Amino acid sequence: MSLLEVIARASAKSQTQVAPSDYPIVLDPEPIFDNLKPKFDDPNTSAAAIPFTGWKISQTDSELIDSGKKFFTKLQKKLKNPTSFTKVEFLGTLNPFLENIWEKKRVGESIGVDSSNDGYARVLIEKVGNLMGKDVAGLVLEACVVLEIWDLVGALIANGVFPNSCYQRLVPKIVEKRRSELVCLCVKHASDLRSSELLLILKYFLDPPKDGYASLVDVRKEWESRALATVEKAGDQSLSDKKLRVAKDAAVLLMVAYDGFSSAELCLHYLLASKNLDEAMLSAAISKLSGKEMKSLLRYLGKWLKKYERFPRASTASGLKACDWVPKLEDVVKCIGLVLDENYSALVLHPEFHEELRSMNELVASVALEARFCCSVASVAGKLMAEV
């Protein structure tokens with residue numbers, strides 16, 4: 001058996017959830033350290049390792065681990081026959097489990113939401129989801145996808161409580177179900193998406209299926225509401241001069257990111273602006289795009305170059321959280337570099353790409369000329385300051 005086969009087999013086994021690990025949660029260290037004592041009365045302090053006795057996890061953590069194992073086993077049995085498993089039954093199992101975690105970790109505190117509220121389970125996940133263990137959270141995610149409880153899927157993604165390996169099954173499923181808002185959440189929060197998941201996401205946004213437009217419009221409305229809120233803030237004269245200046249810059253940036261882009265292209269903003277993506281994985285995904293998809297990507301990147309030619313200051317604007325997901329000029333240029341590196345020959349040989357490339361070349365040449373001029377001015381200014 002080759003080394004690659006050994007690694008692949010081990011990876012496949014690690015992704016198969018049979019039972020949660022013995023220590024699936026972050027243990028409370030204080031009671032553990034308080035009980036630790038040196039094994040010998042006169043330990044050798046110069047030794048590389050000093051043996052200790054008294055290792056024992058707290059009763060609360062022990063109870064949480066046992067509760068998680070029982071819940072895992074119960075939910076696993078239910079998912080073996082998902083056709084007879086209902087949303088009501090699932091929530092009737094999940095909510096008490098999360099409530100138990102809350103009671104043990106947040107003694108005396110109120111959850112703040114009535115159990116009859118439709119968003120009760122989502123609030124519980126937001127508050128104590130990270131305490132149920134990643135193995136359990138992965139199984140909860142699987143149940144939510146099977147039962148199509150999309151608000152809980154969103155809460156699990158946003159809070160990052162399940163293993164990264166779950167994205168391999170999650171991304172194809174939410175793309176198939178046309179859940180554009182959840183695809184955007186994956187791009188924002190996943191730390192190591194593979195090229196296969198990135199390719200699915202790129203194809204979905206570059207050539208959206210007709211039955212996916214409704215959810216794409218929902219993402220557009222979200223961008224629109226952010227832009228309008230920022231514009232309103234920029235007109236608030238009660239703010240200090242510094243805050244007002246930041247709000248105005250943010251309003252311009254969000255206007256630049258919103259106007260002239262389709263709903264699907266607004267989703268691509270998240271992909272371009274993400275700091276979690278591996279360039280090698282993104283490059284591999286781009287290399288597998290079809291001609292139509294590649295043309296859409298070039299047109300999208302060309303729009304950004306035109307935007308930043310007209311609004312150069314917008315590229316450096318920041319200050320509000322909403323601005324973090326607006327691609328900067330360097331993000332755009334980096335993506336153009338990946339496209340050209342992977343597909344230069346094909347782009348040159350096929351005439352249908354020439355118009356987009358000529359347009360981008362003119363814009364890049366204009367920006368490069370301005371950059372050289374700015375560098376010269378900066379150099380002169382630096383020398384004058386040194387003389388002064």
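What is the accessible surface of the protein chain, and what percentage of it belongs to carbon and sulfur atoms? The accessible surface comes to about 21,800 Å², of which 54% belongs to carbon and sulfur atoms; such areas come from the Shrake-Rupley method with a 1.4 Å probe, and for residues only the protein chains shown count as cover.

This is a predicted model, in which local features need pLDDT of at least 70 and side-chain atom pairs count only at pLDDT 80 or more, while totals for chains, interfaces and linings use all residues. Residues are numbered from 1 along each chain as its sequence is written, and side-chain values use heavy atoms, with hydrogens and water left out.

Of the 388 residues of the protein chain, 40% count as buried, that is, under 20% relative accessible area with a 1.4 Å probe and protein chains only.

The count of aromatic pairs comes to nine. Rings of Phe, Tyr and Trp (its six-membered ring) pair if their centres lie within 6.5 Å; planes under 30 degrees apart count as stacked, over 60 as edge-to-face and the rest as tilted. Two of the pairs are tabulated.

| Pair | Centre distance | Plane angle | Class |
|---|---|---|---|
| Phenylalanine 85 and phenylalanine 90 | 6.0 Å | 80° | edge-to-face |
| Tryptophan 223 and tyrosine 270 | 5.6 Å | 45° | tilted |

Phenylalanine 85 is buried at 5% relative accessible area, and phenylalanine 90 is buried at 0%. Tryptophan 223 is likewise buried, at 1%, as is tyrosine 270, at 2%. Ring pairs also link Phe261, Tyr300, Trp304 and Tyr308 into a cluster.

Terms used
Buried < 20%, exposed > 50% of the residue type's maximum accessible area, 1.4 Å probe, protein only.
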